[in-house]
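Subject: Handover of a structure

Dear colleague,

Please find the structure below, together with its sequence. My notes on what was found follow directly after it.

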Amino acid sequence: QVQLVESGGGLVQPGGSLRLSCVASGIDVVHYNMHWYRQAPGEQRVLDAAITPTMITRYHDSVKGRFTISRDNAKNTAFLQMDNLKPEDTAVYYCNRNTPWWEWGQGTQVTVSS
């Protein structure tokens, strides 16, 4: 069974940075695209960033130039470097593959507020 564990969230002021991590177990993620999603209260889950096994990346327009997705296949881990954070980035962040999704982890809360 695949398990995803996200970490690295927290409270940060606007303009600040966070680095999220996602560790996968039960599967070798090297063969899969890895995605970071966000879900704000009362809203649907939205794809922020994706990375292929060959390190090709793509981003939602709202995070381009501010977020950087990366992966360490040897550690079965994906990362999301978040810079110049804005209050509208406040959400729970999750990692997963592209569909069909694995079981979702608990996510990590990111709160951007002064």
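Where is Met55 found? Met55 is in the loop between β5 and β6 (57–59); strands here (E, at least two residues) are DSSP runs, numbered from the N terminus.

Before going further, please note that this is a predicted model, in which local features need pLDDT of at least 70 and side-chain atom pairs count only at pLDDT 80 or more, while totals for chains, interfaces and linings use all residues. Residues are numbered from 1 along each chain as its sequence is written, and side-chain values use heavy atoms, with hydrogens and water left out.

Backbone geometry

Met55 is not a glycine, yet it has a positive phi of about 75 degrees. Its relative accessibility is 43%, so it counts as partly exposed (buried means under 20% relative accessible area, exposed over 50%, partly exposed in between, with a 1.4 Å probe and protein chains only). Asn84, in the loop between β8 and β9, also has a positive phi, near 50 degrees, and is likewise a residue other than glycine. With a relative accessibility of 42%, Asn84 counts as partly exposed. The peptide bond from Thr99 to Pro100 is cis, with omega near 0 degrees, and Pro100 is placed in the loop between β9 and β10 (108–112). For context, most residues other than glycine have a negative phi, and most peptide bonds are trans.

The open sheet

An open sheet is formed by 4 strands in the order β1-β3-β8-β7, with antiparallel pairing (two strands pair if DSSP finds at least two bridges between them). Its edge strands, β1 (3–7) and β7 (67–72), each pair on one side only. On average, neighbouring strands of this sheet are turned by 15 degrees against each other, direction ignored (axes are lines fitted to C-alpha atoms, and angles run from 0 to 180 degrees between N-to-C directions). Strands β3 (residues 18–25) and β8 (residues 77–82) are joined in the antiparallel sense over 6 bridges; Leu20 has Leu80 in β8 as its bridge partner.

Arg71

Arg71 belongs to strand β7. This residue is buried but has no salt bridge, and the nearest side chain of opposite charge, Asp28, is 7.2 Å away (Lys and Arg count as positive, Asp and Glu as negative; His and the chain ends are not counted). A polar atom of the Arg71 side chain lies 2.7 Å from the backbone oxygen of Val29, and a polar atom of that side chain lies 3.3 Å from the backbone oxygen of Ile51.

Salt bridges

The whole structure contains 4 salt bridges (a side-chain nitrogen of Lys or Arg within 4 Å of a carboxyl oxygen of Asp or Glu). In one of them, the closest N and O atoms of Arg38 and Asp48 are 2.9 Å apart. That pair links distant parts of the chain, with Arg38 in strand β4 (residues 34–39) and Asp48 in strand β5 (residues 46–51), 10 residues apart. Both Arg38 and Asp48 are buried. Arg38 also meets Asp89 in a salt bridge, at 3.0 Å from N to O. Here Asp89 lies in the loop between β8 and β9 (91–96), 51 residues from Arg38, and both residues are buried. A network of salt bridges links Arg38, Asp48, Arg66 and Asp89. Lys64 forms a salt bridge with Asp61, with the closest N and O atoms 3.1 Å apart; Asp61 is exposed, with a relative accessible area of 61%.

Yours sincerely

Key. A polar contact is a pair of N or O atoms within 3.5 Å; within protein, one must be able to donate a hydrogen and the other to accept it, and residues adjacent in sequence count only if both atoms are side-chain atoms.
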